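Student: Could you walk me through how to read the features of a protein model?
Tutor: Gladly; let us take a look together.

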Amino acid sequence: MRFSGAFIPTKRDVPRDAVVISHQLMLRAGMMSQESAGIYTWLPFGLRALQRIEALICQEQERAGAVRLLMPTLQSAELWQESGRFDTYGPEMLRLQDRHQRDFVYGPTNEEMITALLRRYVSGAGAMPRMLYHVQWKFRDEARPRFGVMRCREFLMKDAYSFAQDEDEALQMYEAMFRCYIRSFARLGLYPLAVRAPTGPIGGDLSHEFHILAQTGESGLVYDKAYDKVYANVSDQRESRQGLILSDDAIERIRGVYAATDDMHDGGTCAVAEGDLNKARGIEVGHIFFFGTKYSRAMGLSVQGAGGTFYPQMGSYGIGLSRLVAAVIEANHDENGIIWPLSVAPFQVGLLNVRLGDSSCDDVAGSMYGMLEKAGISVLYDDRGLRAGVQFADMDLLGLPWQVIVGPKTAEKGQVELKWRRDGTRVTVGSEEAVKRILAGAGAVG
């Protein structure tokens, strides 16, 4: 894509109302535009990042056996009255009526609707176990929306729902999704910490939140220092377009680390010594629940099995996709801007022609653009003809993993300067060699 037609309105100044770095950088990088409190338009560059994250998460959901569908945003209030949550969920849920005075809710979650869906189509035990998921825009009427898309009112969620014949099977599905979440966040270049957490309005007695450690996080966490050692062994892996791939052993070790939110931690019963615990702030990016027959029993979802009629054991599994964009930025930035992991970068390469109109520069830049696109590498070609300093600043702000810089001195020799954004290393190489290095993975040198 050519920068001149991409509609990426970058800004130099930090917006006054943006407190956390992800909010600042998303506004400065032209990723989103605020329409009202907690509601944003996702501009093209931000939407590409959101779509890359969505695609990766969906890939891992399907790898875990979940099947995708799409449920509507508006839900009949009757479903919520069946479950008993219509009056108890709280003011965060937007309630409304249509022209016939029928009550609806703008669904903040979909336990009721998915249970009713299974009730409509499932009768025999052969339909169990079952895992369904969808990606949907949701709305929660936050009292104090803040921190950009980390605490907003309209947001994009991935929700999965499991149905099992008995508790053992249900807990196996819960554990499978637990491991799926660790894999998913690692592929995004994040190091998730899974913490025991309260179940809140969803219900049940088993729940884990997945957090990314950050000073700007809203949650207080207590965790075993062993967490740091686990990730120290994998953090130096070479970055690839597939993201960080954790071994089964690493996932098991992460799974075994003690961690809890402040309100769930009990020093009197915790098996980890006080001196081996750390305290930190975290950004919640995912939440999973096991709640047994709470919804299936209340809503009459019964299945005929070999041993008689049973109510399916259920779980639900959420990931805030739009919040993940902010979390990735919180974990990957420097004083100059964003540093996108290869796995979810909106474009893999930023191609800078610093002397637009110079025949050598135009020829080499055009050739590079064609070679990279042919190789399946997404490119943002800065063809705006602005000063080199502006181009450099914008590319560092946007944070694309690779920068290919075409200037008159190197272009005359058929060469380009290749920069790896994460550590700033640079090397001057021929055009074909630059493509090979970009295809090989991270690191301009070596």
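**Salt bridges**

Tutor: Arg85 and Glu112 form a salt bridge, with their closest N and O atoms 2.6 Å apart. The term stands for a side-chain nitrogen of Lys or Arg within 4 Å of a carboxyl oxygen of Asp or Glu. This pair links distant parts of the chain, 27 residues apart: Arg85 sits in the loop between α3 (77–83) and β5, and Glu112 in helix α4 (residues 111–121). Helices (H or I, at least four residues) and strands (E, at least two) are DSSP runs, numbered from the N terminus.

Student: What should I know about the origin and numbering of the model?

Tutor: This is a predicted model, in which local features need pLDDT of at least 70 and side-chain atom pairs count only at pLDDT 80 or more, while totals for chains, interfaces and linings use all residues. Residues are numbered from 1 along each chain as its sequence is written, and side-chain values use heavy atoms, with hydrogens and water left out.

Student: Are Arg85 and Glu112 buried or exposed?

Tutor: Both Arg85 and Glu112 are buried. Buried means under 20% relative accessible area, exposed over 50%, and partly exposed in between (1.4 Å probe, protein chains only).

Student: How many salt bridges are there by this rule?

Tutor: The count comes to 26 salt bridges. One of them joins Arg384 and Asp394, whose closest N and O atoms are 2.9 Å apart. Arg384 lies in the loop between β20 (379–382) and α11 (388–398) and Asp394 in helix α11, so this pair ties together parts ten residues apart in sequence. Arg384 is partly exposed, at a relative accessible area of 24%, whereas Asp394 is buried at 1%. A network of salt bridges links Arg12, Asp382, Arg384 and Asp394.

Student: Which salt bridge does Glu433 make?

Tutor: The side chains of Glu433 and Arg437 meet in a salt bridge (3.0 Å, N to O). Glu433 and Arg437 are separated by about one helical turn because they are four residues apart in helix α13 (residues 431–440). Glu433 is partly exposed, with 32% relative accessibility, and Arg437 counts as buried at 19%.

Student: How do I read cavities and pockets?

Tutor: Rolling a probe the size of a water molecule over the atoms shows where empty space is left. On a 1 Å grid over the protein atoms alone, a cavity is a set of points where a 1.4 Å probe fits but cannot get out, and a pocket is an open set with protein on both sides within 12 Å along at least five of seven lines; lining residues have an atom within 4 Å of a point. Grid points are joined across faces, edges and corners, and a volume is the space filled by probe spheres set on the points.

Student: What does the search of the whole structure find?

Tutor: One cavity of 30 Å³ or more turns up. The largest cavity has a volume of about 40 Å³, and among the residues that line it are Trp42, Trp137 and Cys152. Strand β2 (residues 39–42) gives the largest share of that lining, three residues.

Student: Which residues lie nearest the centre of the largest pocket?

Tutor: They are Arg140, Arg151, Glu284, His287 and Arg323, out of 45 lining residues. The largest pocket has a volume of about 960 Å³. The largest share of its lining, seven residues, comes from β13; β8 (154–164) and α9 (321–331) are among the elements that each supply at least two.

**Backbone geometry**

Student: What is the phi of Phe7?

Tutor: Phe7 has a positive phi of about 55°, although it is not a glycine. Phe7 lies in the segment before α1 (21–28) and is exposed, with a relative accessible area of 53%. Phe147 also has a positive phi, near 60°, and is placed in the loop between β7 and β8.
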